[in-house]
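Have the sequence and the 3D view ready.

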Amino acid sequence: MSQKTERPVLSGQRIKTRKRDEREKYDPTGFRDAVIAGLEKTEGDLEQISKYLDSAGNKLDYRRYGEVLFDILIAGGLLVPGGSISQDGEKPRTNYCIFDAPESMEAMRNHEQVFVKLIRRYKYLEKMFEEEMGKVLLFVKGFTPSERIKLARMTALWLVNGSVPPNVLLVLNNEHLIKDGIALEFLLELFQTFKQEKGIAYLIQALKKGGLESKLMDFFPPNKRTEEYFKQVFLDKELNEIIKLHKAQASQEAKRELQQALIDDINDEKPHNEITSDIKEFSQRTNIPDHEIIVIIWSTIMSLGEWNKKEELVTDQAVRHLKTYCTLLQAFASTDRSELALILKVQEFCYENMNFMKAFQKIILLFYKTEVLSEEIILRWYKDGHSNKGKMHFLEQMRKFVEWLQSAEEESESEDEQKNGE
């Protein structure tokens, strides 16, 4: 039987690996060197820089080194933890970056266009840029004061054009940035730039969208977190609207706190005179006026009711439920404004909860009989103080009662005239 002859093998032969099977070594320094070499050839001409970045994306791996690319365009080199530039290599840094640009807004807007064109050309860089900004803002303490100003102004422009979302600013809520006032200084510069570029209304909108409106005081150094200092800082920067936003937010939080306290007191069956005393003390401390307190009380007590789904039963149920709380409401129906606020809130509630559409008149009548509402305010509501929500329906409901009030008022005036005549 013939044996199969073995083929000769050359000793030391290297088996060639397919290219796609090779795992390319991660080399951010090599990528940086290639980008910087290309930028140097543009001699800082921003139009030429954009053209270079556009064409280089076909040869350099932006998908893998996108964050390194943004490091270079922002800081001039490869950023390392703490915010310094890596010094590896012969040419670790270029001057053709944001940090070496003039501080003027004209220069900043010109640099903005480099980023806009680059990200528009390579859409996959959008997410990388957002992540990069989260990192760069954490390093802000390691930058010079001038670099911080430029970065703040550029960040404002990127927020305005939508390149980064407003919630990226939350990374500044970091102890090592807050205690020395760096986070606050950065935000103030950014807010001023944003206001100048887009207007204060859009700035407020961005703060709300990013979830910053309730955290503004958190960016102040712990030893300076007072309402007086907060107000002074934003007044000095002509950002009065930020103060209003902060006050409104604080007021909303106080109202939520009040509502929860009221729910707890009612569930604990606390006497109404004690609840009234607690609310008055809370309102003085938080500066919530009676016309807002009475609306909170109404909303809270109505939220505690378990309402029948049948419209014909819910009216009597509502009247029985509300009768229990009339003394509490009466304590805060202290002004014409608070009385009118209550009627309008009842109108809104009945309009938005269809089962209560027929209950409006009986609720107002109950409040009239228990002296929560005066006839003067009811008549004012009927004449021109009502809202447009279900207007014709509720006015028709109240028509006979209002006519009765008016006739009683006329009789009273007539009796007074007779007495005066005698």
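Which helix gives the most to the lining of the largest cavity? We'll get there after a word on the model.

## About the model

This is a predicted model, where local features need pLDDT of at least 70, side-chain atom pairs count only at pLDDT 80 or more, and totals for chains, interfaces and linings use all residues. Residues are numbered from 1 along each chain as its sequence is written, and side-chain values use heavy atoms, leaving out hydrogens and water.

## The largest cavity

The structure holds three cavities of 30 Å³ or more (on a 1 Å grid over the protein atoms alone, a cavity is a set of points where a 1.4 Å probe fits but cannot get out). The largest has a volume of about 60 Å³, meaning the space filled by probe spheres set on the points, which are joined across faces, edges and corners.

Its lining (residues with an atom within 4 Å of a point) includes Leu46, Tyr96 and His111. And the answer: H4 gives the most, with three residues. Helix H2 (46-56) and helix H4 (105-121) each supply at least two; helices are DSSP runs of H or I, at least four residues, numbered from the N terminus.

## Where H3 meets H5

The axes of H3 (residues 62-75) and H5 (residues 125-138) come within 9 Å and cross at roughly 50° (axes are lines fitted to C-alpha atoms over the stretch in contact, with angles from 0 to 180 degrees between N-to-C directions).

Methods: 1 Å grid on protein atoms, 1.4 Å probe; cavity = no way out; pocket = protein on both sides within 12 Å on 5 of 7 lines; lining within 4 Å.
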